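User: I'm new to reading structures and would like a close look at a single part.

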Amino acid sequence: MCRIVLLLATAAAALAQSETPPRPRITGLAHIALYAADLDKSRAFYREFLGYVEPYTLTNADGTPSVAFFKINERQYIELFPEREPNSDRLHHISIETDNAEALRRYLAARGVPVPDRVNKVRIGNSAFNVKDPDGHTVEIVQYEPSGWTAREKGRYMPEGRISTRMMHVGILVGSLEAAMRFYGEILGFREIWRGSRTTTELNWVNMKVPEGDDYIEFMLYKELPAPTVRGSAHHLCLETRDIAASLASLEARAWRRLYTRPLEIRTGTNRKRQLNLYDPDGTRTELMEPHTIDGKPVPPSDAPPPRP
């Protein structure tokens, strides 16, 4: 009898697995979307200081701005939204790119992730839908369409003077590492590439690389999540620079530098990569970072325990 029950359970598990559709490719980070208390001041920071161009802006029915787009490269953007309420979290959402949004929607549904009934065409012509990760962050799944505005502006709005040509990673707050690993790792297929800590007693970061690309998400681990007013230094975007000293010199030479009151300091992180932190008018951090360690040698991952499971 036990043998029959075991065979039935095994058969049921195999059937359930066979009914799960395959996961389509997830190729990179598409954008990070941030709230701005003063949209014009934030626009000036990303345009005049970081050197990015705004190829298009969406407006509300009354003509007020709805979202401003700043182009990093052909596939990556920074989006700015007017804030909904003061003293709130500055992160609006993060976005990952797939080559088949509808297939990914069906796949996530089969894995038990709540998804909308259908994929939508957003106002700039791409296919997209939103899901929530275990920490409540909105994750937009986007598929770039040939008729979308992203494709329409190919080859344009990428001046030589922009501070970086690639968003290497985005950083998000994570409470339960186990839950985040299941969602991003087990379900979405992200692969852990490094974990780091400031001390030997507590893990601080876990880097998860997209399954079919080089971009990654950095989990910022906390036992107790910080207040919304100070999350901007944890929620962040990281821009790749091959020469951090040259990037600093470029920033120092820009006219907008006199309006930026924070110090510009090159530091070496725990990962032994040189970096420089910048902060927009709302305190949201942009991290400039070299892709290689200072001596070319990899840094061993931390074996410290997470702040909470």
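What is the volume of the largest pocket, and what lines it?

Analyst: This is a predicted model, so local features need pLDDT of at least 70 and side-chain atom pairs 80 or more, while totals for chains, interfaces and linings use all residues. Residues are numbered from 1 along each chain as its sequence is written, and side-chain values use heavy atoms, without hydrogens and water.

Now, your pocket: its volume is about 650 Å³. A pocket here is an open set of points on a 1 Å grid over the protein atoms alone, where a 1.4 Å probe fits, with protein on both sides within 12 Å along at least five of seven lines. The points are joined across faces, edges and corners, and the volume is the space filled by probe spheres set on them.

There are 37 lining residues, with Glu-79, Phe-81, His-92, His-93 and Glu-140 closest to the centre; "lining" means having an atom within 4 Å of a point. Strands (DSSP E runs of at least two residues, numbered from the N terminus) do a lot here: S1, S2, S3, S4, S5, S7 and S8 each give two or more residues. S7 has the largest share, four residues.

By type, the lining has 17 nonpolar (Ala, Val, Leu, Ile, Met, Phe, Trp, Tyr, Cys, Pro), eight charged (Asp, Glu, Lys, Arg) and 12 polar residues (the others, Gly among them).
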